[in-house]
Amino acid sequence: MEQLWWQRGVIYQVYPRSFMDSDGDGVGDLPGIMSRLDHLAWLGVDAVWISPVYPSPMKDFGYDVADYRGIHPLFGTLEDFDGLLREAHGRGLKVILDFVPNHSSDQHAWFAASRSSRDDPKRGWYIWRDPAPDGGPPNNWLSCFGGSAWELDAHTGQYYYHAFLPEQPDLNWRNPEVVEAMLDVLRFWLDRGVDGFRVDVIWHLIKDDEFRDNPRNPEWREGMDPFQSLMPEQTTDRPEVHQVIARMRRLFDEYPERVLIGEIYLPVERLVAYYGPGLTGAHLPFNFQLVQAKWDARHIARVVAEYEAALPEGGWPNWVLGNHDQHRIASRVGPAQARVAAMLLLTLRGTPTLYYGDEIGMRDVPIPPERVQDPFEKNVPGKGLGRDPERTPMQWSAGPNAGFTTGEPWLPVAENFREANVEAARNDPRSILSLYHRLLALRRAEPELETGPYTPVAAEGDVLAYIRGEFLVVLNLGPRPQLFHAPPEAHGAQVILSTHLDREHESVADALHLRGDEGVILRLAGA
Ligand code: GLC
Ligand code: MG
(Lines give C-alpha, C1' and ligand atoms only; values in the text may rest on other atoms or scores of the structure.)
(Ligands and ions follow the chains in the order given, each with its own letter.)
Protein backbone atom coordinates (compact mmCIF):
# COMPACT_ATOMS: atom_id res chain seq x y z
CA MET A 1 0.00 0.00 0.00
CA GLU A 2 1.18 3.52 -0.85
CA GLN A 3 2.19 5.31 2.36
CA LEU A 4 1.04 8.85 3.06
CA TRP A 5 3.30 11.86 3.61
CA TRP A 6 2.77 11.85 7.37
CA GLN A 7 3.80 8.19 7.51
CA ARG A 8 6.96 8.60 5.41
CA GLY A 9 7.89 12.09 6.54
CA VAL A 10 9.68 13.74 9.43
CA ILE A 11 7.99 16.44 11.50
CA TYR A 12 9.94 19.44 12.84
CA GLN A 13 8.45 21.45 15.68
CA VAL A 14 8.92 25.21 15.69
CA TYR A 15 8.28 27.10 18.91
CA PRO A 16 7.45 30.37 17.15
CA ARG A 17 8.49 32.78 19.90
CA SER A 18 12.01 31.40 19.72
CA PHE A 19 12.71 30.43 16.12
CA MET A 20 13.43 33.67 14.26
CA ASP A 21 12.54 37.28 14.99
CA SER A 22 12.08 39.49 11.92
CA ASP A 23 11.16 42.80 13.53
CA GLY A 24 13.55 43.21 16.45
CA ASP A 25 10.96 42.93 19.22
CA GLY A 26 12.84 39.97 20.71
CA VAL A 27 10.04 37.49 19.95
CA GLY A 28 10.05 35.19 16.93
CA ASP A 29 7.32 35.63 14.32
CA LEU A 30 5.85 34.29 11.08
CA PRO A 31 8.02 36.35 8.70
CA GLY A 32 10.95 35.06 10.76
CA ILE A 33 9.90 31.45 10.21
CA MET A 34 9.39 32.21 6.53
CA SER A 35 12.94 33.57 6.25
CA ARG A 36 14.28 30.30 7.68
CA LEU A 37 12.30 27.81 5.61
CA ASP A 38 15.40 27.17 3.54
CA HIS A 39 17.09 25.75 6.62
CA LEU A 40 14.27 23.23 7.03
CA ALA A 41 14.26 22.33 3.36
CA TRP A 42 18.04 21.89 3.40
CA LEU A 43 17.88 19.85 6.61
CA GLY A 44 15.50 17.48 4.89
CA VAL A 45 12.40 17.43 7.07
CA ASP A 46 8.93 17.11 5.53
CA ALA A 47 6.59 19.04 7.77
CA VAL A 48 6.75 21.91 10.20
CA TRP A 49 4.48 21.98 13.23
CA ILE A 50 4.13 25.48 14.62
CA SER A 51 3.07 25.93 18.27
CA PRO A 52 0.14 28.39 18.69
CA VAL A 53 0.31 31.73 16.86
CA TYR A 54 -3.27 32.87 17.58
CA PRO A 55 -4.25 36.05 19.43
CA SER A 56 -3.52 35.39 23.08
CA PRO A 57 -2.76 37.28 26.30
CA MET A 58 0.28 34.93 26.45
CA LYS A 59 -0.35 33.78 30.02
CA ASP A 60 0.76 30.34 28.78
CA PHE A 61 2.61 31.69 25.74
CA GLY A 62 -0.10 31.08 23.19
CA TYR A 63 -1.71 27.99 24.73
CA ASP A 64 -4.34 30.43 26.01
CA VAL A 65 -6.19 31.33 22.82
CA ALA A 66 -8.36 34.45 22.72
CA ASP A 67 -9.43 34.03 19.08
CA TYR A 68 -9.14 30.72 17.26
CA ARG A 69 -9.32 32.32 13.82
CA GLY A 70 -6.65 34.95 13.89
CA ILE A 71 -2.93 35.57 14.17
CA HIS A 72 -1.43 37.43 17.13
CA PRO A 73 0.03 40.76 15.90
CA LEU A 74 3.25 39.77 17.66
CA PHE A 75 3.57 36.97 15.11
CA GLY A 76 2.21 38.85 12.09
CA THR A 77 -1.04 38.77 10.15
CA LEU A 78 -3.28 36.25 8.42
CA GLU A 79 -1.64 37.41 5.15
CA ASP A 80 1.74 36.53 6.64
CA PHE A 81 0.35 33.14 7.53
CA ASP A 82 -0.98 32.54 4.02
CA GLY A 83 2.41 33.63 2.67
CA LEU A 84 4.20 31.21 4.96
CA LEU A 85 1.90 28.40 3.86
CA ARG A 86 2.58 29.19 0.20
CA GLU A 87 6.32 29.42 0.69
CA ALA A 88 6.41 26.20 2.69
CA HIS A 89 4.31 24.33 0.14
CA GLY A 90 6.53 25.72 -2.61
CA ARG A 91 9.45 23.95 -0.92
CA GLY A 92 7.54 20.72 -0.50
CA LEU A 93 7.04 21.32 3.23
CA LYS A 94 3.72 20.60 4.94
CA VAL A 95 2.44 22.92 7.66
CA ILE A 96 0.83 21.60 10.85
CA LEU A 97 -0.86 24.00 13.27
CA ASP A 98 -1.47 23.61 16.97
CA PHE A 99 -5.14 23.28 17.95
CA VAL A 100 -5.93 24.07 21.59
CA PRO A 101 -9.50 22.83 22.11
CA ASN A 102 -9.45 21.87 25.79
CA HIS A 103 -9.44 25.44 27.04
CA SER A 104 -9.54 28.96 25.74
CA SER A 105 -8.12 32.12 27.22
CA ASP A 106 -10.31 33.80 29.83
CA GLN A 107 -10.13 36.74 27.39
CA HIS A 108 -11.95 34.80 24.66
CA ALA A 109 -15.34 36.37 23.81
CA TRP A 110 -16.97 33.01 24.56
CA PHE A 111 -15.74 33.04 28.13
CA ALA A 112 -16.59 36.72 28.61
CA ALA A 113 -20.18 35.82 27.66
CA SER A 114 -20.16 32.62 29.73
CA ARG A 115 -19.09 34.37 32.92
CA SER A 116 -21.40 37.37 32.41
CA SER A 117 -24.42 35.64 33.97
CA ARG A 118 -25.78 32.24 34.87
CA ASP A 119 -28.40 32.65 32.15
CA ASP A 120 -26.10 33.59 29.34
CA PRO A 121 -26.53 31.30 26.30
CA LYS A 122 -22.80 30.51 26.50
CA ARG A 123 -22.86 29.65 30.24
CA GLY A 124 -22.81 25.95 29.33
CA TRP A 125 -19.82 26.35 27.01
CA TYR A 126 -17.51 26.16 30.03
CA ILE A 127 -17.62 24.00 33.15
CA TRP A 128 -19.43 25.79 35.97
CA ARG A 129 -20.30 24.28 39.37
CA ASP A 130 -21.76 25.46 42.63
CA PRO A 131 -19.40 25.77 45.59
CA ALA A 132 -19.14 22.88 48.05
CA PRO A 133 -21.41 23.28 51.12
CA ASP A 134 -18.53 25.00 52.97
CA GLY A 135 -18.16 27.50 50.10
CA GLY A 136 -14.93 25.86 48.89
CA PRO A 137 -14.24 24.29 45.48
CA PRO A 138 -16.75 21.68 44.23
CA ASN A 139 -14.26 18.79 44.50
CA ASN A 140 -10.55 17.98 44.88
CA TRP A 141 -9.48 18.34 41.24
CA LEU A 142 -6.05 19.93 40.82
CA SER A 143 -4.58 22.21 38.19
CA CYS A 144 -1.56 20.88 36.27
CA PHE A 145 0.12 24.20 37.04
CA GLY A 146 -0.43 24.04 40.82
CA GLY A 147 -3.31 24.56 43.23
CA SER A 148 -7.00 23.82 42.84
CA ALA A 149 -8.42 23.49 39.33
CA TRP A 150 -11.46 25.52 40.41
CA GLU A 151 -11.66 29.29 40.36
CA LEU A 152 -14.51 31.14 42.06
CA ASP A 153 -16.22 33.74 39.90
CA ALA A 154 -17.47 36.19 42.52
CA HIS A 155 -19.90 37.88 40.16
CA THR A 156 -22.00 34.75 39.49
CA GLY A 157 -21.10 32.82 42.64
CA GLN A 158 -19.97 29.65 40.88
CA TYR A 159 -16.63 28.00 40.25
CA TYR A 160 -15.24 27.23 36.81
CA TYR A 161 -12.84 24.42 36.03
CA HIS A 162 -9.37 25.04 34.59
CA ALA A 163 -6.99 22.12 34.07
CA PHE A 164 -4.17 24.64 33.63
CA LEU A 165 -4.07 28.34 34.64
CA PRO A 166 -7.17 30.18 35.93
CA GLU A 167 -6.72 32.24 32.75
CA GLN A 168 -7.29 29.01 30.76
CA PRO A 169 -10.90 27.95 31.50
CA ASP A 170 -11.79 24.50 30.15
CA LEU A 171 -14.39 24.36 27.40
CA ASN A 172 -17.30 21.96 27.89
CA TRP A 173 -16.93 19.34 25.15
CA ARG A 174 -20.12 17.63 26.30
CA ASN A 175 -21.96 20.63 24.84
CA PRO A 176 -22.79 20.05 21.14
CA GLU A 177 -22.58 23.79 20.42
CA VAL A 178 -18.95 23.79 21.56
CA VAL A 179 -18.23 20.81 19.34
CA GLU A 180 -19.77 22.56 16.33
CA ALA A 181 -17.98 25.84 17.01
CA MET A 182 -14.64 24.09 17.30
CA LEU A 183 -15.19 22.03 14.16
CA ASP A 184 -15.80 25.33 12.39
CA VAL A 185 -12.45 26.54 13.65
CA LEU A 186 -10.77 23.49 12.16
CA ARG A 187 -12.58 24.06 8.85
CA PHE A 188 -11.38 27.65 8.80
CA TRP A 189 -7.74 26.54 8.78
CA LEU A 190 -8.15 23.37 6.74
CA ASP A 191 -9.85 25.43 4.03
CA ARG A 192 -6.84 27.76 4.05
CA GLY A 193 -4.66 24.79 3.19
CA VAL A 194 -3.21 23.72 6.53
CA ASP A 195 -1.98 20.11 6.31
CA GLY A 196 -2.94 19.00 9.77
CA PHE A 197 -3.12 19.73 13.47
CA ARG A 198 -1.34 18.75 16.60
CA VAL A 199 -4.17 18.73 19.13
CA ASP A 200 -3.19 20.03 22.55
CA VAL A 201 -3.93 17.81 25.61
CA ILE A 202 -6.47 15.80 23.66
CA TRP A 203 -6.83 13.24 26.46
CA HIS A 204 -8.15 16.00 28.75
CA LEU A 205 -11.19 16.99 26.67
CA ILE A 206 -13.86 15.13 28.65
CA LYS A 207 -14.17 15.10 32.45
CA ASP A 208 -16.35 12.96 34.69
CA ASP A 209 -19.95 14.13 34.43
CA GLU A 210 -20.57 13.28 38.09
CA PHE A 211 -17.57 15.37 39.18
CA ARG A 212 -16.22 12.65 41.46
CA ASP A 213 -13.00 13.31 43.38
CA ASN A 214 -9.72 12.06 41.99
CA PRO A 215 -8.11 9.33 44.12
CA ARG A 216 -4.82 9.89 45.99
CA ASN A 217 -1.63 8.72 44.34
CA PRO A 218 0.04 6.40 46.88
CA GLU A 219 3.43 6.94 45.23
CA TRP A 220 3.44 10.69 45.68
CA ARG A 221 5.92 12.17 48.16
CA GLU A 222 6.38 15.66 49.53
CA GLY A 223 8.60 17.69 47.19
CA MET A 224 7.20 16.09 44.03
CA ASP A 225 5.03 17.90 41.49
CA PRO A 226 1.88 18.66 43.57
CA PHE A 227 -0.42 17.83 40.64
CA GLN A 228 0.78 14.24 40.89
CA SER A 229 -0.49 13.85 44.44
CA LEU A 230 -3.80 12.73 42.88
CA MET A 231 -4.42 10.28 40.04
CA PRO A 232 -6.32 12.20 37.32
CA GLU A 233 -8.83 9.38 36.77
CA GLN A 234 -11.92 11.58 36.68
CA THR A 235 -10.37 14.46 34.75
CA THR A 236 -8.49 12.79 31.88
CA ASP A 237 -8.72 9.78 29.55
CA ARG A 238 -12.48 9.40 30.01
CA PRO A 239 -14.08 6.84 27.68
CA GLU A 240 -16.34 9.44 25.97
CA VAL A 241 -13.28 11.34 24.71
CA HIS A 242 -12.98 8.86 21.86
CA GLN A 243 -16.34 9.93 20.45
CA VAL A 244 -15.20 13.54 20.40
CA ILE A 245 -11.97 12.63 18.64
CA ALA A 246 -13.83 10.48 16.12
CA ARG A 247 -16.00 13.50 15.32
CA MET A 248 -12.90 15.63 14.70
CA ARG A 249 -11.40 12.85 12.62
CA ARG A 250 -14.49 12.66 10.37
CA LEU A 251 -13.92 16.31 9.54
CA PHE A 252 -10.25 15.68 8.69
CA ASP A 253 -11.37 12.83 6.45
CA GLU A 254 -13.38 15.29 4.34
CA TYR A 255 -10.02 16.70 3.19
CA PRO A 256 -7.28 14.78 1.40
CA GLU A 257 -4.31 13.62 3.48
CA ARG A 258 -4.68 15.89 6.50
CA VAL A 259 -3.07 14.61 9.67
CA LEU A 260 -4.56 14.55 13.17
CA ILE A 261 -1.90 14.29 15.85
CA GLY A 262 -2.89 14.03 19.50
CA GLU A 263 -0.84 15.15 22.47
CA ILE A 264 -1.30 12.33 24.98
CA TYR A 265 0.78 11.48 28.02
CA LEU A 266 -0.42 8.00 29.00
CA PRO A 267 1.05 4.53 29.49
CA VAL A 268 1.33 2.68 26.19
CA GLU A 269 -1.70 0.39 26.61
CA ARG A 270 -3.96 3.43 27.11
CA LEU A 271 -2.13 5.56 24.57
CA VAL A 272 -2.87 3.19 21.69
CA ALA A 273 -6.61 3.45 22.39
CA TYR A 274 -6.33 6.92 20.83
CA TYR A 275 -6.04 5.38 17.37
CA GLY A 276 -9.73 4.84 18.04
CA PRO A 277 -11.89 1.79 17.36
CA GLY A 278 -11.26 0.75 13.76
CA LEU A 279 -8.69 3.57 13.43
CA THR A 280 -11.35 6.27 13.72
CA GLY A 281 -9.28 8.36 16.13
CA ALA A 282 -6.00 10.25 15.87
CA HIS A 283 -3.68 9.31 13.01
CA LEU A 284 -0.72 9.78 15.31
CA PRO A 285 -1.24 9.70 19.07
CA PHE A 286 2.09 11.23 20.07
CA ASN A 287 4.35 8.59 21.56
CA PHE A 288 6.50 10.22 24.26
CA GLN A 289 8.19 7.09 25.51
CA LEU A 290 11.67 8.18 24.39
CA VAL A 291 11.17 11.43 26.25
CA GLN A 292 10.32 9.62 29.46
CA ALA A 293 12.35 6.42 29.24
CA LYS A 294 15.46 5.83 31.29
CA TRP A 295 18.29 5.99 28.71
CA ASP A 296 19.28 2.36 28.96
CA ALA A 297 19.62 -0.02 26.01
CA ARG A 298 17.78 -2.95 27.60
CA HIS A 299 14.99 -0.72 28.82
CA ILE A 300 14.56 1.04 25.47
CA ALA A 301 14.60 -2.31 23.65
CA ARG A 302 11.68 -3.32 25.88
CA VAL A 303 9.86 -0.02 25.36
CA VAL A 304 10.09 -0.37 21.57
CA ALA A 305 8.96 -4.00 21.69
CA GLU A 306 5.98 -3.18 23.91
CA TYR A 307 4.93 -0.29 21.71
CA GLU A 308 5.24 -2.31 18.50
CA ALA A 309 3.19 -5.08 20.12
CA ALA A 310 0.52 -2.71 21.44
CA LEU A 311 -0.16 -0.95 18.13
CA PRO A 312 -3.55 -1.79 16.65
CA GLU A 313 -3.70 -3.40 13.23
CA GLY A 314 -2.89 -0.67 10.69
CA GLY A 315 -2.04 1.91 13.37
CA TRP A 316 1.01 3.89 12.27
CA PRO A 317 3.75 4.35 14.92
CA ASN A 318 5.55 7.58 15.80
CA TRP A 319 8.40 8.69 18.04
CA VAL A 320 9.17 11.98 19.75
CA LEU A 321 12.51 12.99 21.27
CA GLY A 322 11.74 16.45 22.57
CA ASN A 323 9.27 19.31 22.66
CA HIS A 324 8.62 22.67 24.29
CA ASP A 325 7.51 21.02 27.55
CA GLN A 326 10.48 18.70 28.08
CA HIS A 327 14.13 19.18 28.93
CA ARG A 328 16.25 18.98 25.81
CA ILE A 329 17.64 15.64 24.71
CA ALA A 330 21.24 16.94 24.71
CA SER A 331 20.81 17.88 28.37
CA ARG A 332 19.03 14.67 29.30
CA VAL A 333 21.57 12.29 27.80
CA GLY A 334 24.61 14.49 27.10
CA PRO A 335 25.97 15.84 23.79
CA ALA A 336 27.68 12.62 22.64
CA GLN A 337 24.63 10.46 23.31
CA ALA A 338 22.37 13.06 21.64
CA ARG A 339 23.89 11.91 18.33
CA VAL A 340 22.96 8.30 19.08
CA ALA A 341 19.47 9.53 20.02
CA ALA A 342 19.21 11.23 16.61
CA MET A 343 20.07 7.97 14.87
CA LEU A 344 17.56 6.10 17.01
CA LEU A 345 14.76 8.61 16.36
CA LEU A 346 15.36 8.58 12.60
CA THR A 347 15.68 4.81 12.18
CA LEU A 348 12.90 3.43 14.38
CA ARG A 349 9.71 2.47 12.55
CA GLY A 350 7.27 5.37 12.63
CA THR A 351 6.99 9.09 12.01
CA PRO A 352 9.71 10.99 13.91
CA THR A 353 9.12 14.41 15.44
CA LEU A 354 12.13 16.53 16.19
CA TYR A 355 12.27 19.73 18.17
CA TYR A 356 13.85 22.90 16.79
CA GLY A 357 17.47 23.30 17.83
CA ASP A 358 17.98 19.64 18.66
CA GLU A 359 19.59 19.34 15.22
CA ILE A 360 22.42 21.58 16.43
CA GLY A 361 22.59 19.93 19.84
CA MET A 362 21.00 22.82 21.73
CA ARG A 363 20.96 22.32 25.47
CA ASP A 364 18.73 23.56 28.28
CA VAL A 365 19.74 27.11 29.10
CA PRO A 366 19.85 28.04 32.80
CA ILE A 367 17.36 30.86 33.39
CA PRO A 368 18.20 33.43 36.09
CA PRO A 369 15.26 33.93 38.49
CA GLU A 370 14.54 37.45 37.25
CA ARG A 371 14.15 36.18 33.67
CA VAL A 372 11.74 33.31 34.38
CA GLN A 373 8.75 33.46 32.01
CA ASP A 374 6.97 30.12 32.36
CA PRO A 375 3.93 30.27 34.67
CA PHE A 376 4.56 26.65 35.71
CA GLU A 377 7.96 27.64 37.16
CA LYS A 378 6.43 30.72 38.78
CA ASN A 379 3.64 28.70 40.44
CA VAL A 380 5.67 25.65 41.41
CA PRO A 381 9.21 27.04 41.69
CA GLY A 382 12.52 25.32 42.22
CA LYS A 383 11.53 21.77 41.23
CA GLY A 384 13.00 21.88 37.74
CA LEU A 385 9.49 21.85 36.23
CA GLY A 386 9.89 25.18 34.39
CA ARG A 387 10.00 24.96 30.60
CA ASP A 388 11.95 28.11 29.74
CA PRO A 389 15.31 26.26 29.54
CA GLU A 390 14.17 24.29 26.46
CA ARG A 391 12.48 27.30 24.83
CA THR A 392 15.47 29.60 24.30
CA PRO A 393 16.23 31.33 20.98
CA MET A 394 17.42 29.25 18.06
CA GLN A 395 21.13 29.67 17.48
CA TRP A 396 21.62 30.64 13.86
CA SER A 397 25.06 32.25 13.80
CA ALA A 398 27.90 33.62 15.90
CA GLY A 399 26.49 37.13 15.43
CA PRO A 400 24.69 39.18 18.13
CA ASN A 401 21.97 37.16 19.88
CA ALA A 402 22.97 34.18 17.75
CA GLY A 403 21.31 35.83 14.74
CA PHE A 404 17.87 35.33 16.33
CA THR A 405 16.98 38.99 16.88
CA THR A 406 18.41 42.48 16.62
CA GLY A 407 16.56 43.36 19.83
CA GLU A 408 16.52 41.95 23.35
CA PRO A 409 15.53 38.26 23.18
CA TRP A 410 12.55 37.28 25.35
CA LEU A 411 14.58 34.44 26.87
CA PRO A 412 18.38 34.39 27.19
CA VAL A 413 20.46 32.94 24.36
CA ALA A 414 22.69 29.98 25.26
CA GLU A 415 26.17 31.05 26.34
CA ASN A 416 27.90 28.69 23.92
CA PHE A 417 26.11 30.05 20.83
CA ARG A 418 29.38 31.22 19.20
CA GLU A 419 30.39 27.58 18.80
CA ALA A 420 26.97 25.97 18.65
CA ASN A 421 25.00 27.53 15.82
CA VAL A 422 23.61 26.57 12.43
CA GLU A 423 26.24 28.44 10.41
CA ALA A 424 29.22 26.93 12.23
CA ALA A 425 27.66 23.47 12.25
CA ARG A 426 26.95 23.54 8.53
CA ASN A 427 30.62 24.21 7.89
CA ASP A 428 31.70 21.35 10.11
CA PRO A 429 31.32 17.96 8.40
CA ARG A 430 31.49 16.21 11.80
CA SER A 431 28.85 18.31 13.57
CA ILE A 432 25.59 16.89 14.91
CA LEU A 433 23.85 19.02 12.27
CA SER A 434 25.83 17.24 9.55
CA LEU A 435 24.77 13.95 11.13
CA TYR A 436 21.08 14.99 11.11
CA HIS A 437 21.43 16.09 7.51
CA ARG A 438 23.00 12.78 6.51
CA LEU A 439 20.43 10.74 8.43
CA LEU A 440 17.53 12.61 6.85
CA ALA A 441 19.01 12.27 3.37
CA LEU A 442 19.53 8.54 3.91
CA ARG A 443 15.93 8.10 5.09
CA ARG A 444 14.63 9.88 2.05
CA ALA A 445 16.80 7.82 -0.30
CA GLU A 446 15.90 4.51 1.34
CA PRO A 447 12.16 3.91 1.66
CA GLU A 448 12.81 0.89 3.90
CA LEU A 449 14.11 3.25 6.59
CA GLU A 450 10.90 5.25 6.34
CA THR A 451 8.32 2.53 6.18
CA GLY A 452 10.05 -0.85 6.20
CA PRO A 453 9.43 -3.48 8.86
CA TYR A 454 11.14 -3.38 12.26
CA THR A 455 12.86 -6.53 13.52
CA PRO A 456 14.66 -6.52 16.86
CA VAL A 457 18.10 -8.16 17.00
CA ALA A 458 19.46 -9.71 20.19
CA ALA A 459 22.10 -7.57 21.90
CA GLU A 460 23.58 -7.16 25.35
CA GLY A 461 24.78 -4.48 27.72
CA ASP A 462 24.55 -0.97 26.31
CA VAL A 463 23.87 -2.14 22.75
CA LEU A 464 20.53 -1.75 21.03
CA ALA A 465 20.21 -3.41 17.60
CA TYR A 466 17.48 -3.87 15.04
CA ILE A 467 16.93 -4.51 11.37
CA ARG A 468 14.88 -2.28 9.08
CA GLY A 469 14.50 -4.18 5.84
CA GLU A 470 17.99 -4.30 4.37
CA PHE A 471 19.53 -2.15 7.10
CA LEU A 472 21.01 -3.12 10.42
CA VAL A 473 21.14 -0.43 13.09
CA VAL A 474 23.49 -0.92 16.04
CA LEU A 475 23.57 1.71 18.77
CA ASN A 476 25.81 2.02 21.81
CA LEU A 477 23.75 3.79 24.45
CA GLY A 478 26.70 4.06 26.81
CA PRO A 479 30.07 5.83 26.93
CA ARG A 480 32.23 2.65 26.93
CA PRO A 481 33.29 0.67 23.84
CA GLN A 482 31.11 -2.36 23.11
CA LEU A 483 31.50 -5.50 21.08
CA PHE A 484 28.42 -6.54 19.12
CA HIS A 485 28.25 -10.14 17.95
CA ALA A 486 26.54 -9.90 14.62
CA PRO A 487 23.91 -12.53 13.81
CA PRO A 488 24.72 -14.66 10.74
CA GLU A 489 22.54 -12.54 8.44
CA ALA A 490 24.65 -9.51 9.33
CA HIS A 491 28.00 -10.99 8.35
CA GLY A 492 29.55 -8.97 5.56
CA ALA A 493 27.33 -5.96 6.28
CA GLN A 494 28.81 -2.60 5.32
CA VAL A 495 28.81 0.51 7.47
CA ILE A 496 27.03 3.27 5.63
CA LEU A 497 26.76 5.81 8.43
CA SER A 498 28.30 6.21 11.87
CA THR A 499 27.31 8.87 14.39
CA HIS A 500 31.04 9.74 14.34
CA LEU A 501 30.76 10.30 10.55
CA ASP A 502 34.05 8.58 9.82
CA ARG A 503 33.95 4.84 9.16
CA GLU A 504 31.91 4.40 6.03
CA HIS A 505 32.49 1.36 3.81
CA GLU A 506 34.02 -0.67 6.61
CA SER A 507 32.59 -4.15 6.43
CA VAL A 508 31.77 -6.38 9.34
CA ALA A 509 32.87 -9.97 9.82
CA ASP A 510 31.16 -11.55 12.81
CA ALA A 511 31.80 -8.82 15.36
CA LEU A 512 31.34 -5.10 15.29
CA HIS A 513 33.38 -2.86 17.55
CA LEU A 514 31.46 0.19 18.65
CA ARG A 515 33.18 3.12 20.24
CA GLY A 516 31.60 4.80 23.26
CA ASP A 517 28.44 6.73 22.26
CA GLU A 518 28.59 5.40 18.74
CA GLY A 519 25.74 4.27 16.55
CA VAL A 520 26.06 2.78 13.08
CA ILE A 521 23.77 1.95 10.22
CA LEU A 522 24.89 -0.96 8.05
CA ARG A 523 23.64 -2.33 4.77
CA LEU A 524 23.23 -6.09 4.94
CA ALA A 525 25.35 -8.08 2.51
CA GLY A 526 23.47 -9.23 -0.57
CA ALA A 527 20.92 -6.47 -0.06
C1 GLC B 1 0.16 21.26 26.43
C2 GLC B 1 1.21 22.18 25.87
C3 GLC B 1 1.78 23.00 26.99
C4 GLC B 1 0.67 23.82 27.60
C5 GLC B 1 -0.49 22.93 28.04
C6 GLC B 1 -1.73 23.73 28.30
O7 GLC B 1 0.69 20.31 27.27
O8 GLC B 1 2.18 21.45 25.19
O9 GLC B 1 2.83 23.82 26.57
O10 GLC B 1 1.15 24.54 28.69
O11 GLC B 1 -0.84 22.01 27.04
O12 GLC B 1 -2.26 24.19 27.09
MG1 MG C 1 9.18 39.58 16.31
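# Ligand 1 and selected residues

Q: Which residues are the closest to ligand 1 among those that surround it?
A: Ligand 1 is surrounded by 14 residues, each with a heavy atom within 4 Å of the ligand. The model is predicted, with local features needing pLDDT of at least 70 and side-chain atom pairs pLDDT 80 or more, while totals for chains, interfaces and linings use all residues; side-chain values use heavy atoms, without hydrogens and water. Residues are numbered from 1 along each chain as its sequence is written, and chains are lettered from A and ligands numbered from 1 in written order. The closest residues around ligand 1 are D60, H103, D200, H324 and D325.

Q: How many charged residues does the shell around ligand 1 have?
A: The shell is sorted by class, where Ala, Val, Leu, Ile, Met, Phe, Trp, Tyr, Cys and Pro are nonpolar, Asp, Glu, Lys and Arg charged, and the others, Gly among them, polar. Four residues of the shell are nonpolar and three are polar. The number of charged residues is seven.

Q: How far is an oxygen atom of ligand 1 from an N or O atom in the side chain of D325?
A: The side chain of H324 has an N or O atom 2.8 Å from an oxygen atom of ligand 1. For the side chain of D325, the distance from an oxygen atom of ligand 1 to an N or O atom is 2.5 Å.

Q: How much of the area that ligand 1 exposes when taken alone does the protein bury?
A: R387 also comes up to the ligand, with a side-chain N or O atom 2.9 Å from an oxygen atom of ligand 1. Taken alone, ligand 1 exposes 310 Å² (Shrake-Rupley method, 1.4 Å probe). The part of this area that the protein buries is 96%.

Q: Which residue has its side chain joined to that of K207 by a polar contact?
A: K207 belongs to the loop between β7 (196–199) and α7 (241–252), the elements being DSSP runs of at least four residues for helices and at least two for strands. Its relative accessible area is 5%, so K207 is buried (buried means under 20%, exposed over 50%, partly exposed in between). A polar contact (N or O atoms within 3.5 Å) of 2.7 Å joins the side chain of K207 to that of N102.

Q: How far apart in space are the C-alpha atoms of P55 and A66?
A: P55 sits in the loop between β2 (47–50) and α4 (78–90). With a relative accessible area of 18%, P55 is buried. P55 and A66 are eleven residues apart in sequence, and their C-alpha distance is 5.5 Å.

Q: What distance separates the C-alpha atoms of M182 and P101?
A: Helix α6 (residues 176–192) contains M182. The relative accessible area of M182 is 0%, so this residue counts as buried. M182 and P101 are 81 residues apart along the chain, and their C-alpha atoms are separated by 7.2 Å.

Q: What distance separates the C-alpha atoms of Y466 and L348?
A: Y466 is part of strand β13 (residues 463–468). Y466 is buried, because its relative accessible area is 1%. Along the chain Y466 and L348 lie 118 residues apart, and the separation of their C-alpha atoms is 8.6 Å.

Q: Is L279, which has a positive phi, buried or partly exposed?
A: L279 is not a glycine, yet its phi is about 55°. Most residues other than glycine have a negative phi. L279 is placed in the loop between α8 (268–271) and β9 (284–285). Its relative accessibility is 30%, so L279 counts as partly exposed.

Q: Is D517, another residue with a positive phi, buried or exposed?
A: D517 has a phi near 55°, and it is a residue other than glycine. D517 is found in the loop between β17 (511–514) and β18 (519–523). Because its relative accessibility is 17%, D517 counts as buried.

How values were computed. Polar contact = N/O pair within 3.5 Å; in protein donor to acceptor, adjacent residues only side chain to side chain. Buried < 20%, exposed > 50% of the residue type's maximum accessible area, 1.4 Å probe, protein only.
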